[in-house]
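Trainee: I've got a fold open on my screen and I'd like to talk it through with you. Can we start with the overall picture and then go to single residues?

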Amino acid sequence: QANVINLKTFLSAVRLAHQGNDSGVLPLSPLVPAKNSDVEKPKTKMIITSRRDYPLTKSFPFSLEHLQTSYCKLARIDTRVLCLKKLRKLDLSHNHIKQLPATLGDLVCLQELNLHDNHLEAFSGALCSSGLQKSLQFLDLSQNQIQALPIEFCQLRGLVQLRLDDNALLRLPCRIGQLSRLRFLSAARNKLPFLPSDFRKLSLENLDLFGNPFEQPNPLVPNIQLKIPLTLLECAARATVNHSIPYGCHLLPSHLCKDLEVAKTCRCGSACLSSFIQITVTMNLHHVAHTVVLVDNMGGTEAPILCYFCSLDCYSQFLDRHLQSNG
């Protein structure tokens, strides 16, 4: 931003000094501080809402903290965007993006990610295990084509607001209760038949599950997957979880580690892996959320939730209490 004449004078003085001339004869003018109006501030925000305005030959400023590129018909995320390490808010809504690159997880300052109205079919486990674990607070995946979220999704422990509306979700992550900071959850107009048992652990301010084809719960029709006697693998798995015995891929095969991470919990508090009894029961959604959008047009705020039992004894005890309360 230097004045051209002053810059030429300065360079001439440098050349003369380099040639050994006396400093007293050098053509140096007194230094004058630059005016605020002459100094260009780093650009931190850029909003692009049409394909015509999208920069094809010009780079994005590396100082950007907020970038919106909506209605640009993007089929993929621009690799230049993935170099903006200061980004805190990225809005890619209303595009044609089908897949997310793993390098998106390198944006370790990213707090808000808006992918509303794209063509996504998945949200990869690699992204859930990336730097987004700690930074991401707002995630909008609404109006896509996602049928399921990976087991690793619940590693995004910083999430406060999650929007999943208008997808094709057949289930929510089984460990969704690990999202302890989650306060706003919206998964309206999906294909959810029931909620995972871990849903009980949530503590929400606002919940919207309107327009899902929830099944009618029937505790008297159990899905029995008991293996009697218990296999050695089942006994070992239950003991590992119940006694909080440390494990990892350096000790066990990776598939066993994944099974242990999604172990089911019986009403008695004990763990079960592949030997269990499963039923659905009714849960009032006000138990997990302060404000609940009605589940259907009939004014309901109840939904079916999975419930597990580690043995016939535990199921029988539950059934006795259930029949007595409805007797």
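Trainee: What radius of gyration does the protein have, next to a compact globule of 327 residues?

Mentor: Keep in mind that this is a predicted model. A compact globule of 327 residues would come out near 20 Å. The box around the C-alpha atoms is roughly 105 × 50 × 30 Å along the principal axes. For the protein itself, the radius of gyration is 29 Å.

Trainee: How far apart are the C-alpha centres of domain 2 and domain 3?

Mentor: Start with the division into domains: domain 1 covers 1–40, domain 2 covers 45–191, and domain 3 is made of 223–278 + 311–325. Taking the C-alpha centres of domain 2 and domain 3, the separation is 34 Å.

Trainee: How many helices and strands are there in the secondary structure?

Mentor: One of the helices is α3, at residues 132–135, and β4 is a strand at 112–114. Over the protein, the count comes to six helices and 14 strands.

Trainee: What share of the residues is buried?

Mentor: Buried here means under 20% relative accessible area. The accessible surface comes to about 18,800 Å², with 54% of that belonging to carbon and sulfur atoms. Of the 327 residues, the buried share is 41%.

Trainee: Is S135 buried or exposed?

Mentor: S135 sits in helix α3. Leaving aside neighbours within four places in sequence, S135 is in contact with L107, V108, C109, L110 and Q111. Its relative accessibility is 10%, so S135 counts as buried.

Trainee: Which residues does F62 touch, not counting those up to four places away in sequence?

Mentor: F62 is in the loop between β1 (45–48) and β2 (66–69). Its relative accessibility is 59%, so F62 counts as exposed. T44 is 18 residues away from F62 in sequence and 8.6 Å away in space, C-alpha to C-alpha. The residues F62 touches are C83, L84 and K86.

Trainee: Now some backbone angles. What is the phi of D117?

Mentor: Most residues other than glycine have a negative phi. D117 lies in the loop between β4 and α2 (125–128), and at 23% relative accessibility it counts as partly exposed. Although D117 is not a glycine, its phi is positive, at about 60°.

Trainee: Where is D166, which also has a positive phi?

Mentor: The phi of D166 is near 55°, in a residue other than glycine. At 29% relative accessibility, D166 counts as partly exposed. As for its place, D166 is found in the loop between β6 (161–163) and β7 (184–186).

Trainee: Is the peptide bond from I228 to P229 cis or trans?

Mentor: Most peptide bonds are trans. P229 is in the loop between β9 (223–224) and α4 (232–242). With omega near -5°, the bond from I228 to P229 is cis.

Trainee: How far is N212 from T9 in space, C-alpha to C-alpha?

Mentor: N212 belongs to the loop between β8 (204–208) and β9, and it is buried, with a relative accessible area of 10%. Beyond its neighbours within four places, N212 is in contact with A187, A188, R189, N190, K191 and L192. N212 and T9 are 203 residues apart in sequence, and the distance in space is 74 Å.

Note on methods. Residues numbered from 1 in each chain as written. Predicted model: local features only at pLDDT ≥ 70, side-chain atom pairs only at ≥ 80, totals over all residues. Heavy atoms only, no water. Helix = DSSP H or I, 4+ residues; strand = E, 2+ residues; numbered from the N terminus. Rg over C-alpha atoms; globule rule 2.2 N^0.38 Å. Buried < 20%, exposed > 50% of the residue type's maximum accessible area, 1.4 Å probe, protein only. Areas by Shrake-Rupley, 256 points an atom, 1.4 Å probe, with all protein chains shown as cover. Domains from an automatic or database assignment. Contact = heavy atoms within 4.5 Å.
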